[in-house]
Amino acid sequence: MIKAIFMASENLGAQQQVTSIDLVTGKGIKGDRNFAKAQWPGQNITFIELEEINAFNAQFGQHIALSDTRRNVITEGVRLNDLVGQIFQIGDVSFKGIELCEPCATLGKLLENDGLTKKAIVKAFTHKAGLRADVLSDGQISVGMSIESGVMQPLT
């Protein structure tokens, strides 16, 4: 299920929480910093599990907000790592899971504090920082919608 949605109009700009987003095939989220960019595969949209954010906060005594991960969609109850190489659907919108959205030095720098170094943050989120996906059809997704795992198919 989608728990929260965020977008930023410019690179490293403030994440704005929204209740829904409009998606365009092959381009991503209308109004987002990565819209119509193709610098790397899966740049259309990013997902992260609420469970991983909560586990990070509990393990390290942190209080990072959902927007602090810089991911677009916060999910709950879906193992995103399993969607790499899969086609999945949210409402009428289809997506292709491209690769894990591994943490980078920028995320480490944004989250570092007196109690946690950049390196420790990157290590803690490795293989747990979400999924990069491509948008395969136009449409809108909203908070509360489910990720349809029953329609997952391997890519050909």
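**Close-up 1. Buried residues of helix 1 in the predicted model.** In this predicted model, the residues of helix 1 (residues 50-60) that are buried are Leu-50, Glu-52, Ile-53, Phe-56 and Asn-57. An α-helix has 3.6 residues a turn, so residues three or four places apart point the same way. Just after helix 1 comes Gly-61, whose phi is positive, at about 60°.

**Close-up 2. The largest nonpolar core and the contacts of Ile-45.** The largest nonpolar core comprises 21 residues, and those with the most contacts inside it are Ile-21, Leu-23, Ile-45, Phe-47, Phe-88, Phe-95 and Ile-141. At least two residues of this core are supplied by each of strand 1 (2-7), strand 3, strand 5 (45-49), strand 7 (86-90), strand 8 (93-100) and strand 9 (131-135). When its neighbours within four places in sequence are left aside, Ile-45 is in contact with Ile-21, Leu-23, Ile-29, Asn-72, Val-73, Phe-95, Leu-131, Arg-132, Ala-133, Val-135 and Ile-141. Another core, of 15 residues, lies apart from the largest one and has Phe-6, Ile-53, Leu-107 and Leu-111 among its members.

Close-up 3. The antiparallel pairing of strand 3 (residues 20-24) with strand 4 runs over two bridges, and Val-24 has Gly-28, in strand 4, as its bridge partner.

**Close-up 4. The largest pocket and its lining.** The largest pocket has a volume of about 470 Å³. It is lined by 22 residues, of which Asn-11, Arg-33, Asn-34, Trp-40 and Arg-132 are the closest to its centre. Helix 2 (residues 105-111) provides the largest share of the lining of this pocket, with three residues. Arg-132, one of the residues closest to the pocket centre, is also among the contacts of Ile-45.

**Close-up 5. Confidence along the chain and at residues 151-156.** The average pLDDT of the chain is 91, and 95% of the residues score at least 70. Over residues 151-156, however, pLDDT stays under 50, and the model has 17 contacts beyond four places in sequence for this stretch. Where pLDDT is low, the predicted coordinates should not be read in detail.

Note on methods. Residues numbered from 1 in each chain as written. Predicted model: local features only at pLDDT ≥ 70, side-chain atom pairs only at ≥ 80, totals over all residues. Heavy atoms only, no water. Pairing = 2+ DSSP bridges. Helix = DSSP H or I, 4+ residues; strand = E, 2+ residues; numbered from the N terminus. pLDDT = per-residue confidence, 0-100. Contact = heavy atoms within 4.5 Å. Core = buried A, V, L, I, M, F, W, Y, C linked by side-chain atoms within 4.5 Å. Buried < 20%, exposed > 50% of the residue type's maximum accessible area, 1.4 Å probe, protein only. 1 Å grid on protein atoms, 1.4 Å probe; cavity = no way out; pocket = protein on both sides within 12 Å on 5 of 7 lines; lining within 4 Å. Points joined across faces, edges and corners; volume = space filled by probe spheres on them.
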